[in-house]
Amino acid sequence: MRRDRDSMMALVWLVLAAAGAGAVGVLYFRKYEALHPRMFWLLTVVVLLAAFILWRAKKRSPQVQLPTLGALMNGPFDLLAPLRHLPVALGLAGTAVLVMAMARPQSKESWQDEEQEGIDIVISLDISASMLAKDLRPDRLEASKKVAMTFIDGRPNDRIGLVVYEGEAYTQCPLTSDHQVLKDLFVQARSGLIDGGTAVGLGLATALNRLRESEAKSKVIILLTDGVNNAGSVQPLDAAQIAESLGVRVYTIGVGTRGKALSPVSRSSSGTYRFDYTDVEIDEAVLKQVADMTGGKYFRATDERKLEQIYGEIDELERTRIKVTEHSQRTEEYFPLVALGGGLLVLGSLLDRTLLRSMA
């Protein structure tokens, strides 16, 4: 009977030791990484040693048959008797923790240095009377402004400017990183502010002038028109040659449905327009040449959805370049395990030689 009780106490202490060491391991290695995870295989040796100690405790527990056992059972109870196997359990738990320390837990700190390479972009927008045509909603000009402002919101790291043109061209907003100011000036752009006509070449040349002294590694012009160059002193292809020499990519967009569109045909003295269906004429051949000469691309926007897709594609083609440098630093975290494991071994040894010596 005493043998069974002694074996049961040994099992209890060994289970408690295993549970304690296991909890320490789970909590520790959930937080830190092990440099030598193969060391965990040594824990099987600790398990085998615990099994051997349990087997020996069960086998070697002394048995004495006493005819007066009943009288002894009613005698005084030794409070230290249940602690007989505590030193061994502490020693095994300490050994298991030291094995975990041998796996070299490490904390890992990582960070990134980002060097953003912004792009300077100038949007050259046709604001001639034909941009009031109703084939886009509410008209070509307002649809173009709305989509362009969404494009601006998606590029917070870039400087963006705005050039508008009819028969002449001027800078509505120079290159700026203050996109709210830029969008406010976009809203103010309207047809009829300058001489009539469509000076595509001059609109491109004016945009190039805004980029001439730019130090950005990537310079882009988005040129949008719905017609044919019929005004101004600069031809589109001449301006494209200048863009090519300056390393400026030009994306050209032709806006307007195919066939006929409800367009303004005359303007009254009060400033109101009379609309009628007219042929949509866009010089796509020239716009394609301008784009090809500068490494850009030509697009045709026949409705608002297509225009949104075009700006989305340009956004993907001209994503802000980001140079990312990754750093990491590892810190050794095994010392607390060494301290805990060593402390358990020392405590077990002290108990075995002092308070629980008589129990050995």
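The model is predicted, so local features need pLDDT of at least 70 and side-chain atom pairs count only at pLDDT 80 or more, while totals for chains, interfaces and linings use all residues. Residues are numbered from 1 along each chain as its sequence is written, and side-chain values use heavy atoms, with hydrogens and water left out.

Let's start with the overall picture. The protein has eleven helices and eleven strands, taken as DSSP runs (H or I of at least four residues for helices, E of at least two for strands) and numbered from the N terminus. Of its 360 residues, 42% are buried, where buried means under 20% relative accessible area, exposed over 50% and partly exposed in between, with a 1.4 Å probe and protein chains only. Take the contacts (heavy atoms within 4.5 Å) between residues at least 6 apart in sequence: 81% of them join residues at least 24 apart.

Now for the helices. Two packed helices are described by the angle between their axes and the distance between the axes. Here the axes are lines fitted to C-alpha atoms over the stretch in contact, and angles run from 0 to 180 degrees between N-to-C directions. Helix α4 (residues 86-102) and helix α11 (residues 335-353) have axes that come within 8 Å and cross at roughly 160°. That makes α4 roughly antiparallel to α11; the label applies over 145 degrees, with roughly parallel under 35, roughly perpendicular from 65 to 115 and oblique for the rest. On the α4 side, the residues that meet α11 include Leu 90, Gly 91, Gly 94 and Leu 98, and among their partners in α11 are Gly 341, Leu 344, Leu 345 and Gly 348. By class, this contact of α4 with α11 has 15 nonpolar, six polar and one charged residues (Ala, Val, Leu, Ile, Met, Phe, Trp, Tyr, Cys and Pro are nonpolar, Asp, Glu, Lys and Arg charged, and the others, Gly among them, polar).

Helix α5 (residues 140-153) packs on helix α10 (residues 304-317) at an angle of about 30°, with the axes 10 Å apart. That makes α5 roughly parallel to α10. Ala 143, Ser 144, Val 147, Ala 148 and Phe 151 are the α5 residues here, and they meet a set in α10 that includes Leu 307, Tyr 311 and Ile 314. The class count for α5 with α10 is seven nonpolar, one polar and three charged residues.

That brings us to the aromatics. A search of the whole structure finds two aromatic pairs, meaning Phe, Tyr or Trp rings (the six-membered one for Trp) with centres within 6.5 Å; planes under 30 degrees apart are stacked, over 60 edge-to-face and the rest tilted. Phe 29 and Phe 40 are edge-to-face, at 4.9 Å centre to centre and 90° between the planes. Phe 151 and Tyr 311 have ring centres 5.3 Å apart and planes at 55°, so this pair is tilted. Phe 151 sits in α5 and Tyr 311 in α10, so the pair ties together parts 160 residues apart in sequence. Phe 151 counts as buried at 5% relative accessibility, as does Tyr 311 at 3%.

Finally, two buried residues. Ser 144, in helix α5, counts as buried at 1% relative accessibility. Leaving aside neighbours within four places in sequence, Ser 144 touches Leu 125, Met 131, Leu 224, Val 255 and Leu 307. Thr 252 lies in strand β7 (residues 248-255) and counts as buried at 0% relative accessibility.
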